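Q: Hey, can you walk me through this one? I'd like to start with the overall picture and then zoom in.

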Amino acid sequence: MVLIRLFAEFFKIGIVTFGGGQAMLPLLQRTFVTELHWITQERFLYFISIAEVTPGPVALNMATFIGYEIHGVIGSLFATLGVVMPSFLIIFLIANFESRFKKNVLYKRFMLGVKPVIPALLINAIYLIVRRGFTGVTPYIIATLSLVVFIFYKKSPVIILLATGILGIFALK
């Protein structure tokens with residue numbers, strides 16, 4: 001029963017999330033930490049950190065981690081299938097009816113309404129991470145410097161993550 005519920009929760013989140021895996025984070029936090037109490041806030045923040053530095057989409061990585069935490073390898077399989085299935089079905093339908101969707105005014109207006117919500121979801125995800133995961137001044141300084149390096153020096157996020165991870169190993173406690 002837990003596996004079906006795991007699949008269903010990720011399916012529900014996957015079908016209403018637009019804008020990528022980061023936009024999914026507030027929904028995951030609310031569902032699995034606040035409502036179901038299946039994982040702790042600390043584990044959730046840990047999964048975000050690992051999902052960001054491992055290859056692949058954040059949504060898939062988060063589903064795999066949370067599913068594994070709840071029910072081992074089979075749990076990660078059900079969670080990953082649950083989060084992938086809505087996108088797969090929608091893309092499959094769009095691919096089959098692409099020419100009709102491109103010209104459909106209702107579809108265009110729907111997407112115009114959805115786009116402004118994506119930044120709000122991303123800001124909410126950042127707020128959750130900062131509020132519960134940052135203690136002291138150091139994380140704020142590292143975050144600010146990382147943003148500067150990313151925006152103005154156009155360095156890869158992977159390089160920034162590796163550099164700050166190494167900084168953490170040797171300089172932070």
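This is a predicted model: local features need pLDDT of at least 70, side-chain atom pairs count only at pLDDT 80 or more; totals for chains, interfaces and linings use all residues.

Q: In what order do the elements of the chain run from the N terminus on?
A: They go α-α-α-α-α-α-α-α-α.

Q: And what does the C-alpha trace span along its principal axes?
A: About 55 × 45 × 25 Å.

Q: How much of the chain is made up of buried residues?
A: Buried residues account for 27% of the 173 residues.

Q: What about contacts with a separation of 6 or more, how many of those are between residues 24 or more positions apart?
A: Those make up 54% of them.

Q: OK, zooming in. At what angle do the axes of α3 and α4 cross?
A: Roughly 140°. Helix α3 covers residues 41-53, helix α4 covers residues 58-96, and their axes come within 9 Å.

Q: So what do we call that arrangement of α3 and α4?
A: Oblique. The cut-off for roughly antiparallel is over 145 degrees, so with a crossing of roughly 140° the pair counts as oblique.

Q: Is the crossing left-handed or right-handed?
A: Right-handed, as α3 passes α4.

Q: Which residues meet there?
A: From α3 you have Arg 43, Phe 44, Phe 47, Ile 48, Ile 50, Ala 51 and Glu 52. On the α4 side they meet Val 58, Asn 61, Met 62, Phe 65, Ile 66 and Glu 69. Sorted by type, the residues of this contact are 9 nonpolar, 1 polar and 3 charged.

Q: New topic: which residues touch the most other members of the largest nonpolar core?
A: Phe 10, Leu 25, Leu 28, Phe 32, Phe 44, Met 62 and Ile 66, out of 24 residues in that core. At least two core residues each come from α1 (2-16), α2 (21-35), α3 and α4. The largest share is from α4, with 7 residues.

Q: Ile 66 again! What is Ile 66 in contact with, leaving aside neighbours within four places in sequence?
A: Phe 10, Phe 32, Ile 39, Phe 44 and Phe 47.

Q: One last residue. Where is Ser 146?
A: Ser 146 sits in helix α8, which runs over residues 138-152.

Q: Is Ser 146 buried or exposed?
A: Buried, because its relative accessibility is 18% and the cut-off for buried is under 20%.

Q: And what does Ser 146 touch, not counting residues up to four places away in sequence?
A: Ile 160 and Thr 164.

Technical notes: Residues are numbered from 1 along each chain as its sequence is written. Side-chain values use heavy atoms; hydrogens and water are left out. Axes are lines fitted to C-alpha atoms, for helices over the stretch in contact, and angles run from 0 to 180 degrees between N-to-C directions. Helices (H or I, at least four residues) and strands (E, at least two) are DSSP runs, numbered from the N terminus. Angles under 35 degrees count as roughly parallel, over 145 as roughly antiparallel, 65 to 115 as roughly perpendicular and the rest as oblique. A crossing is left-handed if the near helix is turned anticlockwise from the far one by less than a right angle, and right-handed if clockwise. Contact means heavy atoms within 4.5 Å. Ala, Val, Leu, Ile, Met, Phe, Trp, Tyr, Cys and Pro count as nonpolar, Asp, Glu, Lys and Arg as charged, and the others, Gly among them, as polar. A nonpolar core is a set of buried Ala, Val, Leu, Ile, Met, Phe, Trp, Tyr and Cys residues joined through side-chain atoms within 4.5 Å. Buried means under 20% relative accessible area, exposed over 50%, partly exposed in between (1.4 Å probe, protein chains only).
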